[in-house]
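Here's a quick tour for anyone meeting this protein for the first time. Have a look at the model, then follow the notes below.

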Amino acid sequence: MPIPFTCPHCGCFTNVDDQYAGQSGPCASCGQTITVPAVGVGSSEVASPSRSSMGPGSVLAIVLVVLLVCGGLVVLLLPATESAREAARRSQCTNNLKQIALAMHNYHDTYKCFPAAVVADEDDVPLHSWRVAILPFLEQAPLFDLYNFDEPWDSASNQALRASRSNCYVCPSDANLGPEETSYVMIVGKGTVGGEPNETVTFADILDGTSNTIMTIEVAGAGIGWMEPRDMTVDEAIAYITNPEASGLKHVHPGGINAAFADGSIHFISETTDPQTLRNLLTRDDGQTVSF
């Protein structure tokens with residue numbers, strides 16, 4: 001009487017002639033050594049080894065659960081990851097402004113004044129920007145030497161340098177910044193550190209105190225070329241900081257912007273700052289000092 005037998009190695013099922021009961025030999029399927037069980041009294045077959053009750057449906061269900069759990073963890077981690085990246089970008093932006101402020105101070109040490117934000121001709125046509133003037137103090141002397149101050153910033157020869165922008169002029173959070181544009185402007189106009197065209201300001205002119213006066217801010221979406229002699233007035237800066245959408249611009253750091261003060265310190269200016277407080281911070285000699 002044939003003995004039903006399942007190989008314990010490969011699971012192959014077969015009927016073995018009862019004359020081989022109790023004998024050992026190779027499995028016909030996998031070649032591993034097997035022993036055919038003896039048939040007990042009253043027994044007609046030997047039960048095959050139990051198989052796992054976990055079918056394909058159960059395996060699929062477990063896989064789906066794992067995917068859902070892992071997917072949920074990824075979704076939970078994404079905001080934290082992006083927040084960490086933005087913190088790093090904001091830190092780099094702060095460092096850029098620090099380098100710019102240091103370059104302005106070194107310029108002042110050399111020429112006894114800050115650079116005029118805008119150099120204009122006798123017809124008040126803007127010719128050159130402060131961002132070009134401080135290049136030697138940003139370790140960009142070779143680029144400065146290539147710039148032709150006998151021609152306006154947008155002449156053919158000077159425009160050939162437009163793609164040679166210093167990294168210090170790029171906020172890493174400003175993803176839409178053009179390859180020729182800048183993320184940083186001076187505050188210009190009467191009573192500011194940037195002053196009016198051709199005006200140079202000294203430390204002595206900052207009557208409200210250098211630690212109470214904003215010199216340079218970051219701005220996104222203005223489309224200002226790094227060599228272009230164009231910046232922001234006090235009113236433009238207030239509108240941008242407190243309501244960027246109304247000004248047609250944007251904030252790339254949540255909640256506000258970075259600013260360099262005349263003493264070289266860098267501070268984050270919240271978009272909820274009172275406009276009058278901002279006006280006091282953006283002017284140098286109004287007699288309204290604001291500690292920051």
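Let's start with H251, which you'll find in the loop between helix 5 (234-242) and strand 10 (256-261). H251 counts as buried, because its relative accessibility is 17% and the cut-off for buried is under 20%. Keep in mind that this is a predicted model.

**Around H251**

- The side chain of H251 reaches the backbone oxygen of Y240, at 3.0 Å.
- H251 also has a side-chain partner: a polar contact of 3.3 Å joins it to the side chain of E271.
- If you skip the neighbours within four places in sequence, the residues in contact with H251 are Y240, I241, P244, G256, I257 and E271.

**The protein as a whole**

- Zooming out, you can count six helices and eleven strands in the protein.
- The protein has 292 residues, and 39% of them count as buried.
- Its accessible surface is about 15,400 Å², with 55% of that belonging to carbon and sulfur atoms.
- Take the contacts with a separation of 6 or more: 60% of them are between residues 24 or more positions apart.

- Five strands make up an open sheet with mixed pairing, and their order is 9-7-8-10-11.
- Which strands sit at the edges? Strand 9 (232-233) and strand 11 (266-270) do, each pairing on one side only.
- Strand 10 and strand 11 run antiparallel and are joined by five bridges. One place to look is A260, whose bridge partner in strand 11 is I266.
- Strand 7 (residues 184-188) is largely enclosed by the rest of the structure, because five of its five residues are buried.
- Strand 7 runs antiparallel to strand 8 (residues 214-218), with three bridges between them. There, Y184 stands opposite E218.
- Strand 7 also runs parallel to strand 9, this time with two bridges. On that side, I187 stands opposite M232 in strand 9.

- D231 belongs to the loop between strand 8 and strand 9.
- Is D231 buried or exposed? It's buried, with a relative accessible area of 10%.
- Not counting residues up to four places away in sequence, D231 touches a whole list of others, including A117, V118, V185, M186, I224 and E236.
- D231 and T216 are 15 residues apart in sequence, and their C-alpha atoms are 9.5 Å apart in space.

**Helix 6**

- Helix 6 (residues 275-282) has L278, N280, L281 and L282 as its buried residues.
- What covers those buried residues? The cover includes strand 7, strand 8, helix 5, strand 10 and strand 11.
- At the start of helix 6, D274 has a side-chain oxygen that comes within 3.1 Å of the backbone nitrogen of Q276.

**Aromatic rings**

- A pair of aromatic rings is described by the distance of the centres and the angle of the planes.
- There are seven aromatic pairs in the count for this model.
- In one of them, the ring centres of Y107 and F137 are 5.9 Å apart and the planes are at 75°, so the pair is edge-to-face.
- That pair links distant parts of the chain, 30 residues apart: Y107 is in helix 1 (residues 56-111), while F137 is in the loop between helix 2 (130-133) and helix 3 (141-146).
- Y107 is buried, at 14% relative accessible area, whereas F137 is partly exposed, at 24%.
- Y147 and F149 form another edge-to-face pair, 4.7 Å from centre to centre and with 65° between the planes.
- In that pair Y147 counts as buried, at 6% relative accessibility, while F149 counts as partly exposed, at 36%.
- Ring pairs also link Y107 and F137 with Y111 into a cluster.
- One more ring is worth a look: the charged end of R90 sits over the ring of F268, 3.8 Å from its centre.

Definitions and conventions. Residues are numbered from 1 along each chain as its sequence is written. This is a predicted model: local features need pLDDT of at least 70, side-chain atom pairs count only at pLDDT 80 or more; totals for chains, interfaces and linings use all residues. Side-chain values use heavy atoms; hydrogens and water are left out. Rings of Phe, Tyr and Trp (its six-membered ring) pair if their centres lie within 6.5 Å; planes under 30 degrees apart count as stacked, over 60 as edge-to-face and the rest as tilted. Helices (H or I, at least four residues) and strands (E, at least two) are DSSP runs, numbered from the N terminus. Buried means under 20% relative accessible area, exposed over 50%, partly exposed in between (1.4 Å probe, protein chains only). A charge sits over a ring if NZ of Lys or CZ of Arg is within 6 Å of the ring centre and within 35 degrees of the ring normal. A polar contact is a pair of N or O atoms within 3.5 Å; within protein, one must be able to donate a hydrogen and the other to accept it, and residues adjacent in sequence count only if both atoms are side-chain atoms. Contact means heavy atoms within 4.5 Å. Two strands pair if DSSP finds at least two bridges between them. Accessible areas come from the Shrake-Rupley method with a 1.4 Å probe; for residues, only the protein chains shown count as cover.
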